[in-house]
Structure formats: structure tokens, C-alpha cells
Amino acid sequence: MPFESERVSAAMRRTVASRAKNLCEYCRCPEEFSPDSFTIEHIKPRQAGGETIVENLAWSCYGCNGRKHTKTSHCDPETKLEVALFHPRQQLWSEHFSWNDDLYTGYW
């Protein structure tokens, strides 16, 4: 069972969802189109010292949360270099990803 300070309160959950406009902060999928409930995701994982504070929480679809899990970096498929994953509090989504009519372009 998590310590009290690690729990995400209902108020904190509402704040994170509202700030994200009910869109996944990683893939930008609208929550209303997801077959699964959205989750609170720790941007910097608790295992890496991330705190359960609003600034470290992201609104995430089940798929993105599951793929990111506790990762903070990944091998870039083009450069083969280890790079930091997208950080929704420090970076702009549109500078890293885009949607088009055929597919989503972006990498984990």
C-alpha cells in the first residue's frame, strides 16, 4: 500500500485531467474515445525519486502509460542514441509529434 504522500487524491486527479483538457498528454487522444479509463502517470517515476505532486503528474491513456511505465529515456530509432522521453511540463507536444490523416508520427 502506498504511503499517504504517494496517493493521488480525487482533487489532484481532477486538476491533472482538467489541465490536460481530458487529452492524453503523450498521444493527445481524447479520453472520450478511449475504451479504457485514463490514468495518472508520474512523469518522473516514483522509483526514480519522482514525487506525487501535480507538477509531476500527467493525464495518460492506458496505452501510453503502459508503454512508458517507469522509463525516462529510450533509444532513438533513427540516431540509435539514448534520448530523454517527452516531458509534458517542459516541452511542447507540437515540437516533437504530429498527427496526420493516415498515421501518428512520433516515437517512444
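User: How exposed is Cys75, as relative accessible area?

Analyst: This is a predicted model, where local features need pLDDT of at least 70, side-chain atom pairs count only at pLDDT 80 or more, and totals for chains, interfaces and linings use all residues. Numbering runs from 1 along each chain as its sequence is written, and side-chain values use heavy atoms, with hydrogens and water left out. Buried means under 20% relative accessible area, exposed over 50%, and partly exposed in between (1.4 Å probe, protein chains only). Cys75 counts as partly exposed because its relative accessible area is 34%.

User: How many disulfides are there?

Analyst: A disulfide here is a pair of cysteine sulfur atoms within 2.5 Å. Take Cys61: its closest cysteine sulfur is in Cys64, and at 3.6 Å that's too far for a bond. By this rule the disulfide count is zero.

User: Is Cys61 buried or exposed?

Analyst: Contact means heavy atoms within 4.5 Å. If you skip neighbours within four places in sequence, Cys61 touches Cys24, Cys27, Phe38 and Thr39. Its relative accessibility is 9%, so Cys61 counts as buried.

User: Which side chain does the side chain of Thr52 make a polar contact with?

Analyst: Thr52 sits in the loop between strand S1 (39-42) and strand S2 (57-60), and at 10% relative accessibility it counts as buried. A polar contact is a pair of N or O atoms within 3.5 Å; within protein, one must be able to donate a hydrogen and the other to accept it, and residues adjacent in sequence count only if both atoms are side-chain atoms. At 2.8 Å, the partner of the Thr52 side chain is the side chain of His42.

User: What is the phi of Asn22?

Analyst: Most residues other than glycine have a negative phi. Asn22 lies in the loop between H1 and S1, and is partly exposed at 36% relative accessibility. Although not a glycine, Asn22 has a positive phi of about 55°.

User: And what is the phi of Lys80?

Analyst: Look in the loop between strand S3 (73-75) and strand S4 (82-84) for Lys80. Lys80 is exposed, with a relative accessible area of 59%. Lys80 isn't a glycine, yet its phi is positive, at about 65°.

Technical notes. Helix = DSSP H or I, 4+ residues; strand = E, 2+ residues; numbered from the N terminus.
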